[in-house]
Amino acid sequence: MRSLILRNSLSLDGYAAPPTNVPEDFFLEYDEDEEFVAHMTDILGSAGVHAMGAQAYREMAGHWPYTDGPEADAMNRIPKVVFSRGPIDTPWEKTTVCSGDLATEIAALKAQDGGPILAHGGVRFAQALVRADLVDEYHLLINPIAHGSGSPLFTQSTKLKLVDVKSFPRGNLALTYTRP
């Protein structure tokens with residue numbers, strides 16, 4: 001049985017999405033931090049499937065197929081599953097659409113053979129995974145910025161166990177948690 005890993009970016013003050021007037025790209029000097037890029041490439045490449053909500057899929061499908069490099073290679077070669085209640089164009093190769101009950105669809109993916117399911121944000125999709133208690137491991141990427149407001153990842157009390165911490169030269173942190 002494969003696990004579901006939620007990879008999500010957070011500001012220092014815990015917001016998974018910034019206020020409406022702040023750009024979505026949380027990471028400062030991301031592409032200039034070779035260690036951080038290598039870390040992200042390892043995470044992306046370890047997945048058996050990439051899962052995401054419709055909004056994140058649209059954004060990623062407009063970027064990754066037209067990008068070169070190790071991260072792009074991992075994103076493009078691994079199958080994608082997009083969760084959408086409505087119709088959605090799927091121009092990105094190796095994409096499947098799931099439109100049923102989230103818990104049922106995730107259970108079916110977990111029952112398949114292969115590497116872990118790596119779920120990418122979209123704050124509403126991530127919040128739905130957390131609320132339904134579907135996440136086995138959290139990869140939280142902390143950016144050295146505080147927004148003061150925005151959308152949180154956690155909307156209810158959630159107890160987690162810290163299993164790994166990595167820091168990077170430009171101030172980003174990668175925190176890995178499991179359920180206790």
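Modeller: A residue is called buried when its relative accessible area is under 20%, exposed when that area is over 50%, and partly exposed in between, with a 1.4 Å probe and protein chains only. Helices (H or I, at least four residues) and strands (E, at least two) are DSSP runs, numbered from the N terminus. The model is predicted: local features need pLDDT of at least 70, side-chain atom pairs count only at pLDDT 80 or more, and totals for chains, interfaces and linings use all residues. Residues are numbered from 1 along each chain as its sequence is written, and side-chain values use heavy atoms, with hydrogens and water left out.

Colleague: How many residues of strand β1 are buried?

Modeller: Eight of the eight residues of β1, which covers residues 4-11, are buried, so this strand is largely enclosed by the rest of the structure.

Colleague: Which way do the side chains of β1 point?

Modeller: In a regular strand the side chains alternate between the two faces of the sheet. In β1, Leu4, Leu6, Asn8 and Leu10 point one way, while Ile5, Arg7, Ser9 and Ser11 point the other way.

Colleague: Which strands are joined to β1 by bridges?

Modeller: Two strands are said to pair if DSSP finds at least two bridges between them. Strand β6 (residues 117-120) runs parallel to β1 and is joined to it by four bridges; here Ile5 has Leu118 as its bridge partner. Strand β7 (residues 137-143) also runs parallel to β1, with seven bridges, and Leu10 stands opposite Ile142 in β7.

Colleague: What does Asn8 touch?

Modeller: A contact means heavy atoms within 4.5 Å. Asn8, found in strand β1, is buried with a relative accessible area of 4%. Leaving aside residues up to four places away in sequence, Asn8 touches Ala16, Gly121, Ala126, His139, Leu140, Leu141 and Leu153.

Colleague: Is Ala51 buried or exposed?

Modeller: Ala51, in strand β3 (residues 49-53), is buried, with a relative accessible area of 0%. Its contacts, not counting residues up to four places away in sequence, include Val81, Phe83, Leu118 and Phe125. The C-alpha atoms of Ala51 and Val82 are separated by 5.8 Å, although these residues are 31 residues apart along the chain.

Colleague: Which residues of helix α5 are buried?

Modeller: In α5 (residues 123-131), the buried residues are Val123, Phe125, Ala126, Gln127, Leu129 and Val130.

Colleague: How many helices and strands does the protein chain have?

Modeller: The protein chain has five helices and ten strands. Its radius of gyration is 16 Å, close to the 16 Å that the globule rule gives for 180 residues, so the chain is as compact as a globular protein of that length. This radius is taken over C-alpha atoms, and the rule is 2.2 Å times the number of residues to the power 0.38. Of the 180 residues, 46% count as buried.
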